[in-house]
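I opened my notebook to look through a structure step by step. Here is what I looked up, in the order I went.

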Amino acid sequence: MKRQWIAYPYAVWMVIFIVVPLFLILFFSVTETTSEGISFTTRHFQKFLDPIYIDVLVRSVLLALYSTIICLLLGYPFALVLAGKSFKRKNVIVMLTVIPMWMNFLLRTYSWMTLLERNGPLNSILSALSLPNLNILYTESAVVLGMVYNFLPFMILPIYSVVSRLDDSLVEAAQDLGSNELTVFKRVILPLSLPGVLSGITMVFMPAVTTFVISRLLGGAQFMLIGNLIERQFLSSGDWGFGSALSIILMLIILLSMGVMSKYEREYGGGGLL
Amino acid sequence: MTNEPILKLDNISKSFDGTSALRSINLTIRKNEFVTLLGPSGCGKTTTLRIIGGFEEADQGDLFFEDKNINHLPAYKRKVNTVFQRYALFPHMDVFDNIAFGLKIKKLSKLAIEEKVMYMLKLVDLETFGKRSVKTLSGGQQQRVAIARALVNEPEILLLDEPLGALDLKLRKGMQLELKNIQQKLGITFVYVTHDQEEALTMSDTIVVMNKGLIQQIGTPQDIYNEPENAFVANFIGESNIVDGIMHNDYKVTFLGRLFDCVDKGFTENESVDVVIRPEDIKITKAEDGMIRGRVKSTTFKGVHYEMMIEGVVAGDAEMMVHSTLMAEKGAIVGLGIDPFNIHIMKKGLVE
């Protein structure tokens with residue numbers, strides 16, 4: 001590698017904005033500043049063992065899990081149909097999937113607040129059709145809805161990219177060897193699309209479990225996820241030590257789930273976006 | 001070949017987006033026959049194969065399998081298996097599972113599957129490869145797996161779509177012989193698609209030469225080579241000199257400014273014809289002994305023979321290609337001798 005120097009600016013960038021902050025978080029999480037100076041402590045991690053905080057973590061993981069499952073159930077068939085040969089105007093649909101991602105994330109979430117309001121457009125329509133009103137704003141359902149809406153493209157795109165690259169002759173070979181459509185799906189398309197599914201799950205679950213904007217806007221003030229808890233330690237409580245400890249715990253959970261994912265991905269031969 | 005017919009294509013036509021790919025194809029394939037569909041790319045040979053395999057449906061015409069119409073029978077119900085051009089092995093399975101794929105769908109017992117797969121692995125000389133990932137195999141090995149995967153289902157007909165195209169010359173020659181052996185050993189009908197005329201001549205019982213969606217000639221390799229029915233076939237199979245001629249009467253033809261005896265008859269008087277002569281059928285003689293004379297324009301050494309281009313001195317600007325083990329110097333005036341039975345007369349206008 002003769003041109004290693006080309007990578008230096010990026011390396012410097014990464015050290016300043018990724019490596020150093022990571023060490024700072026690690027440092028804050030295991031130290032406390034008292035009148036006698038800085039000393040080592042496990043106090044912040046012990047504080048997390050309080051059932052209140054454990055509950056917050058469990059709720060965050062569960063809501064992220066629900067969103068991921070719903071995204072998968074919606075996104076997989078959609079990606080499959082989209083990648084199918086018979087589908088005309090494929091590019092238009094792919095564009096329509098991507099376009100919302102160009103819009104500011106906050107803006108998209110705010111618009112759902114308006115839509116879901118007690119007297120908002122959605123309920124007006126429901127009333128006009130004399131259907132029962134939907135009051136889900138500031139509930140867990142609204143948070144899950146917000147997550148699914150925001151992260152669905154991250155499920156569709158990796159699956160689409162894997163399935164659309166599948167060699168047609170593999171499907172024909174399976175038919176040739178006696179598979180009907182269902183068997184072709186079960187034995188060939190599904191196993192070969194798994195790398196995309198795993199990428200999709202990772203790309204939906206990670207941002208969903210760490211979000212604090214969706215939960216605050218659509219879940220209301222009384223509703224707390226781990227992201228909100230961390231945010232509050234830094235911005236209002238000023239307990240940087242506890243905030244850092246929570247961040248470390250969250251990071252470990254993410255690293256662990258990514259480790260499990262990549263193990264599966266290796267077994268199925270890779271090919272996803274990650 | 002007097003075996004009973006197994007597959008019949010009756011007046012099959014097919015077009016894609018208004019471009020016609022096959023035009024009224026009539027073909028009967030017999031049991032245990034090795035049939036090769038031969039032609040340049042875009043001639044419709046692969047489309048024909050895909051219609052037999054059930055991956056395309058003909059626009060017109062009928063397809064009969066043992067006298068049963070199978071026009072609308074889906075691929076997975078046909079007693080036909082295919083070896084695909086780029087093998088199409090399942091990348092998420094090892095060699096054993098690839099070969100066992102069809103058997104598992106038929107829900108055979110584990111023991112039976114194991115036995116059949118092992119037999120196939122032995123047949124294609126990959127006995128120790130069962131647990132290997134197909135991605136780690138060389139092209140030739142993948143090819144064998146693809147053949148084993150198709151054959152293990154004991155198809156009535158095996159379709160092969162340019163199966164040796166991706167292999168190097170030496171491997172290809174070896175596989176040609178091996179395929180022919182397998183076909184004779186198992187007694188299965190093979191329908192083989194290739195653009196390689198040498199491959200077709202080596203392996204086939206029957207060759208079907210195709211061009212532009214039309215069948216040009218059906219015959220044994222010897223027939224196709226020695227008695228091409230039209231200029232396209234003559235040109236496509238081996239190398240040929242094709243010159244204009246006039247057929248005066250039966251057994252009398254004029255070309256290159258001279259009257260020749262020949263062995264063809266049945267043309268109208270003074271009909272314009274194509275005269276085809278293989279380069280190896282022209283003898284180089286002393287100038288005064290030749291039936292026609294010419295000047296050697298170029299001489300190229302080709303290994304077994306010399307390839308010489310002879311400019312017509314007597315007959316204007318016609319050039320003849322001659323293959324001979326005897327060399328004539330460039331610029332020399334030589335005579336050319338052609339035996340009557342090596343002069344092939346063809347009707348004009350059969351090729352579009």
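How many helices and strands does chain A have? I found 12 helices and 2 strands in chain A. I took helices (H or I, at least four residues) and strands (E, at least two) as DSSP runs, numbered from the N terminus. Along the sequence, chain A reads α-β-β-α-α-α-α-α-α-α-α-α-α-α.

A note on what I am looking at: this is a predicted model, where local features need pLDDT of at least 70, side-chain atom pairs count only at pLDDT 80 or more, and totals for chains, interfaces and linings use all residues. Residues are numbered from 1 along each chain as its sequence is written, while chains are lettered from A and ligands numbered from 1 in the order in which they are written.

**Overall look**

I saw that the C-alpha atoms of chain A fill a box of roughly 80 × 70 × 35 Å along the principal axes. I then checked contacts (two residues whose C-beta atoms, placed from the backbone, lie within 7 Å). Among the contacts in chain A with a separation of 6 or more, 72% join residues 24 or more positions apart.

I turned to helix H3 (residues 51–83) and helix H9 (residues 181–210) of chain A, which pack at an angle of about 145 degrees with their axes 9 Å apart. Axes here are lines fitted to C-alpha atoms, for helices over the stretch in contact, and angles run from 0 to 180 degrees between N-to-C directions. On the H3(A) side, the contact residues include Ala64(A), Cys71(A) and Leu72(A); on the H9(A) side, they include Ile201(A), Val204(A) and Phe205(A).

Why does Ala79(A) count as buried? Ala79(A) counts as buried because it has 25 C-beta neighbours inside 10 Å, and the cut-off for buried is 20 or more other C-beta atoms within 10 Å (exposed is 12 or fewer, partly exposed in between; C-beta atoms are placed from the backbone). Ala79(A) sits in helix H3 of chain A. Leaving aside neighbours within four places in sequence, Ala79(A) touches Ile156(A), Ile159(A), Tyr160(A) and Val163(A).

**Meeting chain B**

Lastly, I found 17 residues of chain A in contact with 17 residues of chain B. H8(A) gives the largest share of chain A's side, 6 residues.
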